[in-house]
Amino acid sequence: MTIHAQALLFDNDGTLVSSLASVDRCWTRWATEYGITAEEFARVELHGRPAAEIAADLLPAEIVPQAVARIEDLEVDDVPGGGVHLLPGTRGFLDSLPGDRWAVVTSATRRLAEARLDAVGILPKTLVAADDITRGKPDPEPYLLAARALGVDPARCVVFEDAPAGLASGRAAGMTTVALTTTHQAHELDADLVVENLSVLSALVTEQGVEISLRR
């Protein structure tokens, strides 16, 4: 299978990097500080959604801004302690792409996203973060904004995601979707192509765009 694209749009956490241990540590501490029970916390979808939406599901509206600032501080402070690492294939795949052909589209704030990306040496020219949008994944807004920033028709973009919310966002934007089974099982992911991680894919840059295929 070969996918033809003009631009490649990557989720960050769970797609390019793993921060699962950090997320678990920080959000568990946050929930304890705000008196949220384990049962209440378990009912909320955490992965792939902006912190502001998660906090709004759990707390009174008047304390949400303070709570969002607190979780951002906790997660940023956790990065230097080994809170993030590259997933298999990330470095090689990104290094094969021109900088103006790809973007990172994350539900994290810009401050947190840049801290995590800087920690592993990824410097995207284009980054769409939670600060840039009004509606987070699964709404198509984040990926449509990235396509516009790169000057590419959404139909010519490929989205790489690990979470159902992100894949739904990409589909709603009219984009081809590639799912990575780094945080969810294959049967939970609705995508045009489902793979283990970026190490099984190769990208060939041509005059017409980028050809993405499975490694032989």
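Guide: Before we start, domain bounds come from an automatic or database domain assignment. This is a predicted model, where local features need pLDDT of at least 70 and side-chain atom pairs count only at pLDDT 80 or more, while totals for chains, interfaces and linings use all residues. Residues are numbered from 1 along each chain as its sequence is written, and side-chain values use heavy atoms, with hydrogens and water left out.

Visitor: How far apart do the C-alpha centres of domain 1 and domain 2 lie?

Guide: Domain 1 covers 2-16 + 87-214, and domain 2 covers 20-81. Taking the C-alpha centres of the two domains, the distance is 24 Å.

Visitor: How many residues does each domain bring to the contact?

Guide: Contact here means heavy atoms within 4.5 Å. By that rule, domain 1 brings 17 residues and domain 2 brings 14 residues.

Visitor: Which residues of domain 1 lose the most area to domain 2?

Guide: Buried area is the accessible area (1.4 Å probe) that two parts lose on being put together, summed over both. Between the domains it comes to about 1,200 Å², with carbon and sulfur atoms giving 59%. On the side of domain 1, 38% of what is buried comes from the three that lose the most: Arg111, Leu112 and Arg116.

Visitor: Which residue forms a salt bridge with Arg116?

Guide: A salt bridge puts a side-chain nitrogen of Lys or Arg within 4 Å of a carboxyl oxygen of Asp or Glu, and the count between the domains is three. For Arg116, the closest N and O atoms are 3.0 Å apart, and the partner is Glu75.

Visitor: Which helix gives the most to the side of domain 1 that touches domain 2?

Guide: Helices (H or I, at least four residues) and strands (E, at least two) are DSSP runs, numbered from the N terminus. With five residues on that side, the helix spanning residues 110-119 gives the most, and its name is α6.

Visitor: Where is Pro138 found?

Guide: The peptide bond from Lys137 to Pro138 is cis, with omega near 20 degrees. As for its place, Pro138 sits in the loop between β6 and α7 (141-150).
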